[in-house]
Amino acid sequence: MNPSREFDLIIWGASGFTGRLVAEYLYHNYGVNQEVKWAMAGRNKEKLEQVRTEVAGNEVPLVLADSHDAASLSAMAQRTKVICTTVGPYGLYGAELVKACVEQNTHYCDLAGEVLFIRDTIDKHHEAAQANGTKIVNCCGFDSIPSDLGVYYTQKVAREKTGSPAQQIDLRVKAFVGKLSGGTYASLKDTMAKAAQDKSLYGTLINPYSLNPQGEQEGPDQRDLNTVAYDKKAKAWMYPFIMAGINTKIVRRSHALAAFPYGKDFGYSEAVMTSDGDEGQAKAMKEAMALAALMGKAPKQEKSTGDKGQNPARRMPKPGEGPNKEERDAGYYDMRLYTTLRDGNMMVTKVTGDRDPGYGSTSKMLAECGICLAKDETPQQFGVITPSIAMGDALLDRLEKNAGLTFSVVE
Ligand SMILES: NC(=O)c1ccc[n+]([C@@H]2O[C@H](COP(=O)([O-])OP(=O)(O)OC[C@H]3O[C@@H](n4cnc5c(N)ncnc54)[C@H](OP(=O)(O)O)[C@@H]3O)[C@@H](O)[C@H]2O)c1
């Protein structure tokens with residue numbers, strides 16, 4: 001990466017719901033043109049100017065780039081060390097930017113929880129990015145940082161405690177309060193529409209190891225939980241987690257990219273836990289049905305919002321809409337990692353975040369990833385890679401110090 005670039009990072013998509021939050025976070029925590037040199041980018045100058053006035057004073061530089069104009073993307077990539085992008089759905093608007101970043105040797109991070117887009121990006125760009133020392137890092141938000149860094153942290157503790165990495169980690173979401181934005185809903189719809197059009201894509205969506213390198217797509221894990229079940233380790237009922245489909249694949253890709261340090265028998269799963277007994281079972285059933293409705297058919301667009309967790313809102317938000325400030329500030333998450341150590345004992349660790357997962361917390365995570373890639377000493381691993389592989393301890397540190405995440409041992 002060229003150290004003499006004009007900017008450390010550019011946030012592309014700054015006029016959208018999540019991009020605006022990233023810009024606001026950068027402005028309040030890093031100022032303008034100080035330790036971190038950054039700019040706001042988008043396709044519409046008037047909209048960008050308006051958002052800048054609302055959240056970031058008037059001095060933040062603006063950059064214009066449209067996903068349909070490859071020259072504008074290339075020019076943008078040449079000016080900065082890192083691009084953080086919130087222009088989604090990534091499957092529709094993301095491919096040309098990745099290409100420009102690899103060609104210009106500019107590090108890149110996104111919020112693409114889109115398995116099909118990530119697989120395509122790996123196939124097209126991993127080798128070239130690896131060869132020229134570019135980091136293309138997907139999933140730098142709620143999906144999949146708490147999972148990816150949670151496992152990274154837990155395995156460090158397991159090694160310290162027992163001298164060996166753990167054999168099995170089962171992440172259970174204990175609490176999760178937040179809502180969808182229009183952009184996320186559009187990404188979900190785009191993935192579902194592509195898979196409906198081309199049935200062969202279902203294989204990529206359901207194969208637990210589909211983001212691993214070709215030839216390394218095997219292991220002990222089965223498909224993600226798709227029903228209600230009782231978890232003996234957590235002593236609670238559980239139901240499917242909407243983010244498991246991407247998070248578990250990212251964790252497995254991290255493991256493969258690190259050359260399987262936890263052993264080829266390492267297993268990983270995710271689900272949402274409720275509680276023990278009839279009440280826990282009833283709640284798990286209710287939430288599982290709500291999730292099936294969200295995934296199976298588009299809920300109506302007319303009625304009012306207000307559901308918590310992954311319960312689908314009755315009226316789905318349009319692009320640019322999402323939870324308001326009160327809702328973001330009232331949100332939080334608490335994830336427990338039930339860990340089977342190689343000596344047979346159990347350990348539980350946890351990851352928490354202090355804002356709504358999808359936007360309040362995600363915008364802080366993406367901004368810190370961008371700064372980490374631009375400024376910190378990070379592992380010498382390149383290509384289309386995951387947050388833990390790209391940034392490791394440096395990111396863990398930043399998330400705890402600056403982004404409201406905690407990683408700790410419970411028992
Ligand atoms: N993984 C996670 O944890 C997580 C969390 C939050 C969001 N996300 C993802 O982040 C993405 C953005 O979500 P959001 O709610 O912020 O969406 P949004 O409000 O709809 O914002 C989308 C942004 O993309 C821009 N855009 C659209 N088409 C473009 C084009 N052709 N060229 C350049 N820019 C273009 C829009 O610009 P205009 O303003 O000019 O229309 C806007 O700035 C979605 O894919 C969502 O799934 C992921």
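Visitor: What is the mean pLDDT of the protein?
Guide: The mean pLDDT (the predictor's confidence in each residue, from 0 to 100) is 92. Of the residues, 94% reach 70 or more.

Visitor: Where is the pLDDT below 50?
Guide: Over residues 297-309. Beyond near neighbours in sequence, that stretch has 33 contacts in the model, a contact being heavy atoms within 4.5 Å. Where pLDDT is low, predicted coordinates should not be read in detail.

Visitor: OK, holes. How many cavities of 30 Å³ or more are there?
Guide: Two, from a search of the whole structure. On a 1 Å grid over the protein atoms alone, a cavity is a set of points where a 1.4 Å probe fits but cannot get out; lining residues have an atom within 4 Å of a point. Grid points are joined across faces, edges and corners, and a volume is the space filled by probe spheres set on the points.

Visitor: How much space is in the largest cavity?
Guide: About 90 Å³. It is lined by 13 residues, and the closest to its centre are Tyr209, His255, Phe260, Lys264 and Phe266.

Visitor: What kinds of residue make up that lining?
Guide: Five are nonpolar, four polar and four charged. Ala, Val, Leu, Ile, Met, Phe, Trp, Tyr, Cys and Pro count as nonpolar, Asp, Glu, Lys and Arg as charged, and the others, Gly among them, as polar.

Visitor: And which residues line the second largest cavity?
Guide: Ala95, Val98, Phe117, Asp120, Thr121, Lys124 and His125. The volume of this second largest cavity is about 30 Å³. The largest share of its lining, five residues, comes from α6. Helices (H or I, at least four residues) and strands (E, at least two) are DSSP runs, numbered from the N terminus.

Visitor: Back to α6. How do α6 and α10 lie to each other?
Guide: Their axes come within 11 Å and cross at roughly 25°. Axes are lines fitted to C-alpha atoms, for helices over the stretch in contact, and angles run from 0 to 180 degrees between N-to-C directions. The two helices are therefore roughly parallel, the word for angles under 35 degrees.

Visitor: Which residues of α6 meet α10?
Guide: Val115, Ile118, Ile122 and His126. On the α10 side are Gly245, Ile246, Lys249, Arg253 and Leu257.

Visitor: New topic: which peptide bonds are cis?
Guide: One joins glycine 88 and proline 89, with omega about -5°. Another runs from aspartate 143 to serine 144, with omega near 15°. Serine 144 is in the loop between β6 and α7.

Visitor: What else is in that loop?
Guide: Cysteine 139 lies there. Cysteine 139 has a positive phi of about 65°, although it is not a glycine.

Conventions
Residues are numbered from 1 along each chain as its sequence is written. This is a predicted model: local features need pLDDT of at least 70, side-chain atom pairs count only at pLDDT 80 or more; totals for chains, interfaces and linings use all residues. Side-chain values use heavy atoms; hydrogens and water are left out. On a 1 Å grid over the protein atoms alone, a cavity is a set of points where a 1.4 Å probe fits but cannot get out, and a pocket is an open set with protein on both sides within 12 Å along at least five of seven lines; lining residues have an atom within 4 Å of a point. Angles under 35 degrees count as roughly parallel, over 145 as roughly antiparallel, 65 to 115 as roughly perpendicular and the rest as oblique.
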